[in-house]
Amino acid sequence: MTDSFISWNMTDSQNTAATSQNTQGLCTDAEIDKLKKYRNYWWKTGNYHPKAKWEEASVKSTNLGILSSGSMSTKSRGSGKEADASYIPVVKPQVNNGGSDGSNQPWPNLVVEVAYSETEANIKNKVENYWLATGRAHDAIVIKLKPIDSATAPSCMTAWHYCTNVRTAAGALNPTMYEFGTVDRQGNLINPQLGQNVIYIQLNCLYHEVPANFVIPPLPNPIPIDLFHARFAIEHCIV
Ligand SMILES: [Zn+2]
């Protein structure tokens, strides 16, 4: 699992040209400077917007290519929401109604939400009842960073991977949970290793509802996303 993340942008590029840009180099100096600015803004200025700034920083600082290609606004029944990142194949056909813009835009197949100040219950509720409602996204990744009260990187990090194909016997969504920080949810020290906390995304999930004649690019299947890299990035790039 040494090369366990793939960067590609299903929104902006043709799927057939899915790139495999390796972002393992983590943050550049410029990126780190930008993140420092976020933290300054967050911690030291009078304009205190912790959630937006932290979450923007944390999404952008993960070296998971899968988290890096931007967000997409959606609007449904008057309650528009924006994910921290979302992925929709460009070939996914428009819908007649009830799309992500309230009319004919198809829903993304994968959404990523990162919560810092937002509660776990709140963000999971948003994912389960909005993004993953019937006919919308297929998969979702939720990352919860436990808030901290000093200028250090969060140590407790939890992720959940939802796939709408994975359900309990009663039919409820049944996400897989990963603890990938340095401290678990009980406060015990942990030291997850490379390859130990890996989210696998099936290509059929990413390319859900593409036309039958569309040829899915030769990406790994499933695509592994090693949370070890996400932890490293969060610890080292948010300074
Ligand atoms: Zn799925």
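Because the model is predicted, local features need pLDDT of at least 70 and side-chain atom pairs count only at pLDDT 80 or more, while totals for chains, interfaces and linings use all residues. Residues are numbered from 1 along each chain as its sequence is written.

The protein has five helices and nine strands, where helices (H or I, at least four residues) and strands (E, at least two) are DSSP runs numbered from the N terminus. Read from the N terminus, these elements follow the order α-α-β-β-β-β-α-β-β-β-β-α-β-α. Of the 239 residues in the protein, 37% are buried; a residue is buried if 20 or more other C-beta atoms lie within 10 Å of its own, exposed if 12 or fewer, and partly exposed in between, with C-beta atoms placed from the backbone. Among the contacts with a separation of 6 or more, 62% join residues 24 or more positions apart, two residues being in contact if their C-beta atoms, placed from the backbone, lie within 7 Å.

The buried residues of α3 are K124, V127 and W131. They lie on the same side of α3, because they cover an arc of only 95 degrees around the axis, the arc being that of the directions from the helix axis to the C-beta atoms. An α-helix has 3.6 residues a turn, so residues three or four places apart point the same way. On the other side of α3, A121, N122, N125 and N129 are exposed. E128, also in helix α3, counts as partly exposed because it has 17 C-beta neighbours inside 10 Å; E128 is 36 residues from T164 in sequence, with their C-alpha atoms 9.6 Å apart in space.

What do the buried residues of α3 pack against? They pack against β4 (110-115), β5 (139-145) and β6 (157-163). β4, α3 and β5 make a right-handed β-α-β unit, meaning that, with the strands pointing away from the viewer, the path from the first strand over the helix to the second runs clockwise. Strands count as paired if DSSP finds at least two bridges between them: β4 and β5 pair in the parallel sense over six bridges, with E113 standing opposite V142 in β5, whereas β5 and β6 pair in the antiparallel sense over seven bridges, with K144 standing opposite T158 in β6.

Seven of the seven residues of β5 are buried, so this strand is largely enclosed by the rest of the structure. In a regular strand the side chains alternate between the two faces of the sheet. On β5, buried residues cover both faces, with D139, I141, I143 and L145 on one side and A140, V142 and K144 on the other. Not counting residues up to four places away in sequence, L110 touches residues including Y87, A140, I201 and L206.

Finally, E209 is placed in the loop between α4 (203-206) and β9 (223-226). Its phi is near 70 degrees, a positive value in a residue other than glycine. E209 counts as partly exposed because 15 other C-beta atoms lie within 10 Å.
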